[in-house]
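Please read the following report alongside the sequence and the coordinates.

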Amino acid sequence: AEAAPAEAAPAEAAPAEEAPAEEAPVVVDPLDEEYPEGWDDDYDNQEVRLWSDKPPGSDDDEAGDVEIMDIIMYDLPMFIFFMALLLYIEVTACLWRRGRDFLLATAAWRGNDEAFKTQCAKESQTMIYRPYISWFAVIGLWLVVKDSIDVYGKCFFNFECWGNLDCHARILLPAEAECVFDIMLPAAVVTGVLICGVLAAVWGFTRPWASVVLIGTFFTGIFAIWTVSLFACTLWVLCAVG
């Protein structure tokens with residue numbers, strides 16, 4: 001009988017497939033990443049990365065939340081300081097002026113010209129810094145009021161965008177205009193109304209006619225604020241400064 005054919009040698013096992021190597025994580029610069037879902041990837045938003053490292057509405061962005069503690073811990077003490085400074089310099093000037101008015105009204109200075117001249121010299125020497133202190137207090141009040149109003153952070157300045165002509169023209173200039181008309185102008189009206197009220201109260205019994213004008217300016221400013229009208233606020237500022 002013929003011998004049975006030898007069994008075929010087992011086929012060699014196929015080589016195992018190599019596991020793909022894990023790719024290293026790619027670090028993406030937040031300034032170069034694409035805009036997140038929901039943004040309009042159009043021409044008007046291409047330069048937004050020049051002034052915003054992250055899109056609005058992210059977890060770390062709480063725009064629109066009024067920081068009450070910042071107002072209480074910073075703005076309120078600064079407001080009290082500048083208001084007290086303004087009151088101090090105006091009350092001091094009013095007292096000196098009332099002293100001179102008393103001497104003139106009672107003719108107590110007659111026959112003693114040297115005493116009257118000395119009184120005037122002391123008043124002038126004491127009040128020599130009044131304009132500087134008053135303007136310092138007024139500007140300080142305006143800055144505090146502006147900071148309290150700007151809860152959305154509309155007033156900002158970005159040097160990188162400022163140096164880019166295209167970004168400056170399309171993004172920074174509109175933002176600056178919004179800051180002026182939405183924050184700075186209302187802050188100027190509020191500050192002017194406060195100052196008019198303080199001056200009218202301080203000088204009410206010393207210069208009554210001037211106080212009447214200040215009271216009228218005060219109430220017209222209140223009306224401009226109540227109307228929430230840009231035209232009314234601008235007109236009030238122009239008339240008050242004029």
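## Helix α3 against helix α5

At roughly what angle do the axes of α3 and α5 cross, and within what distance do they come? In this predicted model, the two axes come within 8 Å and cross at roughly 130°.

Sorted by class, the residues in the contact of α3 with α5 comprise 12 nonpolar, 1 polar and 2 charged.

## Overall arrangement

The chain contains 7 helices and 0 strands, so that, read along the sequence, its pattern is written α-α-α-α-α-α-α. Of the 242 residues in the chain, 25% are buried. When contacts between residues at least 6 apart in sequence are considered, 68% of them join residues at least 24 apart.

Helix α5 spans residues 165-202 and helix α6 spans residues 208-227, and their axes come within 8 Å while crossing at roughly 150°. Because this angle lies over the 145-degree limit, α5 is roughly antiparallel to α6. The crossing of α5 and α6 is left-handed. From α5, the residues V189, V190, V193, C196, G197, L199 and A200 take part, and they meet S211, L214, I215, T217, F218, G221, I222 and I225 in α6. By class, the contact of α5 with α6 holds 11 nonpolar and 4 polar residues, with no charged residues.

Helix α7, residues 230-241, has an axis that comes within 10 Å of the axis of α5 and crosses that axis at roughly 50°. That angle makes α5 oblique to α7, and the crossing of α5 and α7 is left-handed. Here F181, L185, A188, V189, G192 and V193 in α5 meet L230, C233, T234, W236 and V237 in α7. The residues of this contact divide into 9 nonpolar and 2 polar, with no charged residues. V189 and V193 are listed on the α5 side of the contact with α6, and V189 and V193 are also listed on the α5 side of the contact with α7.

In soluble globular proteins, nonpolar side chains tend to be buried together. In this chain, the largest nonpolar core has 16 residues, and those with the most contacts inside it are L86, L141, I195, V198, V202 and W203. Helices α1 (68-106), α3 (130-149) and α5 each supply at least two residues of this core, and the largest share, 6 residues, comes from α1.

Leaving aside its neighbours within four places in sequence, L86 is in contact with S134, A137, L141, I195 and V198.

## Individual residues

Not counting residues up to four places away in sequence, T92 touches T126 and M127.

F219 has its place in helix α6 and counts as exposed at 52% relative accessibility. Between F219 and C196, the separation is 23 residues in sequence and 9.3 Å in space, C-alpha to C-alpha. C239, found in helix α7, is also exposed, with a relative accessible area of 54%. C239 and T217 are 22 residues apart in sequence, and their C-alpha atoms are 9.0 Å apart in space.

Notes
Residues are numbered from 1 along each chain as its sequence is written. This is a predicted model: local features need pLDDT of at least 70, side-chain atom pairs count only at pLDDT 80 or more; totals for chains, interfaces and linings use all residues. Side-chain values use heavy atoms; hydrogens and water are left out. Axes are lines fitted to C-alpha atoms, for helices over the stretch in contact, and angles run from 0 to 180 degrees between N-to-C directions. Helices (H or I, at least four residues) and strands (E, at least two) are DSSP runs, numbered from the N terminus. Angles under 35 degrees count as roughly parallel, over 145 as roughly antiparallel, 65 to 115 as roughly perpendicular and the rest as oblique. A crossing is left-handed if the near helix is turned anticlockwise from the far one by less than a right angle, and right-handed if clockwise. Contact means heavy atoms within 4.5 Å. Ala, Val, Leu, Ile, Met, Phe, Trp, Tyr, Cys and Pro count as nonpolar, Asp, Glu, Lys and Arg as charged, and the others, Gly among them, as polar. A nonpolar core is a set of buried Ala, Val, Leu, Ile, Met, Phe, Trp, Tyr and Cys residues joined through side-chain atoms within 4.5 Å. Buried means under 20% relative accessible area, exposed over 50%, partly exposed in between (1.4 Å probe, protein chains only).
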